[in-house]
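Subject: Structure for your review

Dear colleague,

Please find the structure below, together with its sequence. My notes on what was found in it follow.

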Amino acid sequence: MNDDTPATRSRWGQERRLEFIDSRLQYARQVNRGDLIDFFGISPPKASQDIADYIERAPGNMEYDGSLKRYVPTATFVPRFIADKAEAYLNELYAVQMKIIPADTSFFGKMPAAGLVDTPARPLDAAKVAAFVDAINRKKTLSITYHSMRSPEPTERVISPHAMGFDGLRWHVRAFCHRRERYRDFAIGRSREIHSSDALVVHAEGDLLWNTRVPVVLGPNPQLADWQRRAVEEDYGIEHGAALELNCRRAMLFYTVRHLNLLTNEAATHPEQHHVVLLNRDVVEKWISEEDLS
């Protein structure tokens, strides 16, 4: 989305239909009035007006192809109503492939086949997730039965949840544990019998690990050949000879390093399996060693 796009606008009126046109031009490489009519259920005159307004507000972005009877992007096309980044498309492609959203709800039209890495399913009960979200939004305490990895039997816990976390495979709730009197992570899948509690809420402001950001500095593995390091730099968008710095919540540090497969320092002996390395490993390991992440 360009800087001159209005910051305040209706997200569900015509602006959404202009975003739709942008999306179709960017990825489907064509759009016509019928696409708007079918997707949004609007009248033909309104769809025609949307096309005319797009041409007026994004001059030179599309042209009519008589043989296709559709509008196609020009050679100078630049998205005006959506961000010119691939993440939105790829995230939606992932969501469609995982059947998280129906394909016909996507702005992007026909999508290519995609192969995804299979991971163990972690089914979560929607009512359970909703209970945690409600407690976070309304700043409530909860009483839960929780099966910790430290105890053979589930135990009763009173918690003050304030955020959700995702470690790449599993969702958890970040919360103050009234039993242990500290902030901890509670796996949603191991939480049972969730009820409201009358305990006094402990707020997120006191969660220093959550509120503290720390750098995770990455760079190409020095054990790789020079041409391989350049390929890694291109892959990660790293300027030649520079480093990539992730701004990580300290509470998520262990999960981040584990997700990047950088918990152990095997880069020197297996560079072909570790294209990037931790450039500030000593500092990161010190931070991780100070945490109790059970």
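Where in the protein chain does lysine 99 lie? Lysine 99 is found in the loop between helix 4 and helix 5; helices here are DSSP runs of H or I with at least four residues and strands are runs of E with at least two, both numbered from the N terminus.

Please note that this is a predicted model, in which local features need pLDDT of at least 70 and side-chain atom pairs count only at pLDDT 80 or more, while totals for chains, interfaces and linings use all residues. Residues are numbered from 1 along each chain as its sequence is written, and side-chain values use heavy atoms, with hydrogens and water left out.

Overall form

The protein chain contains 9 helices and 10 strands. Along the principal axes, its C-alpha atoms fill a box of roughly 70 × 55 × 35 Å. The radius of gyration of the protein chain is 24 Å, whereas a compact globule of 294 residues would have one near 19 Å; this radius is taken over C-alpha atoms, and the globule rule is 2.2 Å times the number of residues to the power 0.38. The protein chain exposes about 17500 Å², of which carbon and sulfur atoms supply 52%; the areas come from the Shrake-Rupley method with a 1.4 Å probe, and for residues only the protein chains shown count as cover. Of the 294 residues, 38% are buried (buried means under 20% relative accessible area, exposed over 50%, and partly exposed in between, with a 1.4 Å probe and protein chains only). Among contacts (heavy atoms within 4.5 Å) between residues at least 6 apart in sequence, 56% join residues at least 24 apart.

The loop between helix 4 and helix 5

Lysine 99 counts as exposed, since its relative accessibility is 73%. Its C-alpha atom is separated by 15 Å from that of leucine 124, 25 residues away along the chain. Leucine 116 is found in this loop too, and is partly exposed at a relative accessible area of 31%. Not counting residues up to four places away in sequence, leucine 116 touches Tyr94, Gln97 and Met98.

Aromatic pairs

Rings of Phe, Tyr and Trp (its six-membered ring) pair if their centres lie within 6.5 Å; planes under 30 degrees apart count as stacked, over 60 as edge-to-face and the rest as tilted. By this rule the count is 15 aromatic pairs. One of these is the edge-to-face pair of phenylalanine 20 and phenylalanine 107, at 5.4 Å centre to centre with 80° between the planes. Phenylalanine 20 belongs to helix 1 (residues 14-28) and phenylalanine 107 to the loop between helix 4 (87-97) and helix 5 (126-138), so this pair ties together parts that are 87 residues apart in sequence. Tyrosine 146 and phenylalanine 186 are also edge-to-face, because their ring centres are 5.0 Å apart and their planes stand at 75°. This pair links strand 3 (residues 142-146), which holds tyrosine 146, with strand 6 (residues 182-187), which holds phenylalanine 186, across 40 residues. Both tyrosine 146 and phenylalanine 186 are buried. Phenylalanine 20 is buried at 0% relative accessibility, and phenylalanine 107 is buried at 10%. Phe20, Phe39, Phe40 and Phe107 make up one aromatic cluster.

Nonpolar cores

A nonpolar core is a set of buried Ala, Val, Leu, Ile, Met, Phe, Trp, Tyr and Cys residues joined through side-chain atoms within 4.5 Å. The largest has 16 residues, of which Val216, Leu253, Val257, Leu278 and Val284 touch the most other members. Strand 8 (213-220), helix 8 (253-259) and helix 9 (281-289) each give two or more residues to this core. Apart from it lies another core of 15 residues, including Ile21, Ala47, Ala58 and Phe77.

Threonine 74

Threonine 74 sits in the loop between strand 2 (70-73) and helix 4, and is buried at 15% relative accessibility. Leaving aside neighbours within four places in sequence, threonine 74 is in contact with Gly60, Asn61, Met62 and Glu63.

With kind regards
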